[in-house]
Amino acid sequence: MKNILLVVRDIEKQRQMQEALEEEYKVQICTNREEMNKILEHKIPNILILEYDEEYFPVLEMIENIKRNDELRKLPIIVISDGEDENIERNCMEMGVNDFIFRPCSKIGILSRTRRVLEVERLKSQIRREINLKNAEVAEIRELARRDPLTKLWNRVHTEESINEYLQERRHSGALIMIDLDDFKGINDTYGHIVGDEILKEFANTLNALTRENDIVCRLGGDEFVVFLKDIAYQSVVSEKVEQMIITLEKRISLPEDKEHIRVSAGVALAPIDGRSFNQLYQNADCALYYVKQNGKGSYHFYSEEGTHDTGIVKKKSTQVDLEHLKSFIQEMGYKKGAYQVEYDGFKKIYRFVARCIGRTGQDVQTLLFTLTKENGSIPAVTELTFAMDNLKNAVHESIRRGDVATNYSSTQFVVILMDSSMDDGLMVANRIMEKYNELHHYQSDVELHFNIQTVNAAPISDDF
């Protein structure tokens with residue numbers, strides 16, 4: 001049963017209105033503005049019927065306040081008044097009142113007018129719902145039209161439009177990376193297209209996991225993918241990111257039966273140096289990728305019109321820790337929690353600063369590198385790896401001091417610098433992190449955590465930090 005809030009001062013008029021409405025509706029009556037406001041604060045009726053009484057009710061002001069309230073502005077309102085003042089009726093209707101009833105009016109007339117207002121509101125609500133549903137369907141269709149059907153990544157149309165729009169701002173920079181699988185046709189021919197499609201989907205999921213939310217990841221077609229990294233201007237930064245992508249993809253994706261891993265190549269064009277449009281960057285990155293294909297594959301290359309840039313050599317790493325490589329390869333995946341969690345740029349500067357400072361102070365500093373693997377030594381799938389990495393981050397966060405520094409090292413590894421700590425201190429912290437991780441991750445024990453520890457060697461003393 002629908003609810004009606006009736007605001008009428010005169011008792012006899014209250015009785016007449018209640019008798020007209022109570023057979024079909026639940027009627028609540030109040031006699032003043034303050035009482036009405038208290039009721040509306042706690043419950044919104046299906047319709048509000050106001051008595052127009054210049055002496056006691058500032059009806060126009062009451063209506064205006066209701067229409068300004070986001071929660072009440074769609075509340076249907078009927079105003080009922082003695083006499084036939086057209087100016088009052090006009091003012092009320094212009095303010096959004098649904099109906100205006102002049103007395104004398106029969107009980108049947110009041111009931112039928114109330115029914116009509118409520119029915120119109122029901123139809124309006126139904127139409128709004130249908131429009132919202134259609135809009136959602138249209139938005140979904142538009143979204144699907146901009147997605148690759150297999151991998152659900154953005155397609156070329158969306159990618160081209162987004163990059164061109166982004167680069168219209170002259171201050172914007174970025175890197176377009178063309179990346180693909182080497183000899184993918186041979187994979188399809190050997191293992192079939194179903195296996196090939198699964199590899200492409202895993203390839204896409206991995207690229208998504210290795211990029212930020214505002215970056216653009218696209219499948220152009222076949223085994224060709226494009227990643228556009230926004231707000232990155234330095235080639236050294238892009239190099240580390242591309243290395244991370246190639247190494248992670250080659251570790252993660254293996255072929256059936258013989259368990260051989262794929263090989264990945266990439267070509268890179270930088271904006272605005274190599275172009276200020278998608279087509280320019282795409283053509284130049286494609287040239288760089290072609291250079292890689294003609295020179296051994298499994299690596300990456302930056303575009304150069306002169307063709308003199310060296311191809312980046314990507315080290316093939318196992319899942320075992322490699323602390324020496326850490327000094328030249330700190331990956332760019334930030335972590336906001338913890339005493340001092342930093343992204344790779346800040347971490348590199350801190351690492352170099354520490355290495356130089358300990359030459360002056362003789363302070364002991366330890367580096368811990370934690371690695372996540374499956375029991376058989378393979379890399380976990382993206383979903384379970386993400387879950388395990390979150391648990392590892394929480395374990396580190398709860399175990400290190402405020403002056404220590406931590407960051408991701410790769411998609412499977414996390415590194416910590418322990419300030420003013422001996423080797424024994426470092427081992428104690430590492431074991432504490434291991435225990436905390438196992439406590440958080442006890443129900444997914446097939447993902448194992450290992451660590452390695454190394455003392456940071458002092459860098460040559462220099463006044464230039």
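Across the whole structure, a predicted model, a search finds 6 aromatic pairs, where rings of Phe, Tyr and Trp (its six-membered ring) count as a pair if their centres lie within 6.5 Å, with planes under 30 degrees apart called stacked, over 60 edge-to-face and the rest tilted. One of them joins Phe100 and Phe102, whose ring centres are 4.9 Å apart and whose planes stand at 55 degrees, so the pair is tilted. Both Phe100 and Phe102 are buried, a word used here for under 20% relative accessible area, with exposed meaning over 50% and partly exposed in between (1.4 Å probe, protein chains only).

Another of the pairs is formed by Phe370 and Phe451, with centres 6.0 Å apart and planes at 40 degrees, so this pair is tilted. It links distant parts of the chain, since Phe370 belongs to strand β11 and Phe451 to strand β14 (residues 447-455), 81 residues apart. Phe370 counts as buried because its relative accessibility is 0%, whereas Phe451, with a relative accessible area of 26%, is partly exposed.

Strand β11 (residues 366-374) also runs antiparallel to β13, to which 6 bridges join it; two strands are said to pair if DSSP finds at least two bridges between them. Within this arrangement, Thr371 stands opposite Gln413 in β13. Strand β13 (residues 413-418) is mostly covered, with 6 of its 6 residues buried. Gln413, Val415 and Ile417 point one way from β13, while Phe414, Val416 and Leu418 point the other way, and all are buried.

Elsewhere, an open sheet of 5 strands has the order β2-β1-β3-β4-β5, with parallel pairing. Its edge strands are β2 (26-30) and β5 (99-103), each of which pairs on one side only. Neighbouring strands of this sheet are turned against each other by 20 degrees on average, direction ignored. Here axes are lines fitted to C-alpha atoms, for helices over the stretch in contact, and angles run from 0 to 180 degrees between N-to-C directions. Inside the sheet, strand β1 (residues 3-7) pairs with strand β3 (residues 47-51) in the parallel sense over 4 bridges, and the bridge partner of Val7 in β3 is Leu50. Helix α2 (residues 33-42) lies across β1, β2 and β3 and runs at about 135 degrees to β2.

A pair of helices can be followed in the same way. Helix α7 (residues 184-191) and helix α8 (residues 193-209) pack at an angle of about 135 degrees, with their axes 7 Å apart. That makes α7 oblique to α8, because angles under 35 degrees count as roughly parallel, over 145 as roughly antiparallel, 65 to 115 as roughly perpendicular and the rest as oblique. Phe184, Ile187, Asn188 and Tyr191 in α7 meet His193, Val195, Gly196, Ile199 and Leu200 in α8, a contact being heavy atoms within 4.5 Å. By class, the contact of α7 with α8 has 6 nonpolar, 3 polar and no charged residues; Ala, Val, Leu, Ile, Met, Phe, Trp, Tyr, Cys and Pro count as nonpolar, Asp, Glu, Lys and Arg as charged, and the others, Gly among them, as polar.

Taken as a whole, the protein chain has 14 helices and 14 strands, which are DSSP runs numbered from the N terminus (helices H or I, at least four residues; strands E, at least two). Buried residues make up 47% of its 465 residues.

Residues are numbered from 1 along each chain as its sequence is written, and side-chain values use heavy atoms, with hydrogens and water left out. As the model is predicted, local features need pLDDT of at least 70 and side-chain atom pairs count only at pLDDT 80 or more, while totals for chains, interfaces and linings use all residues.
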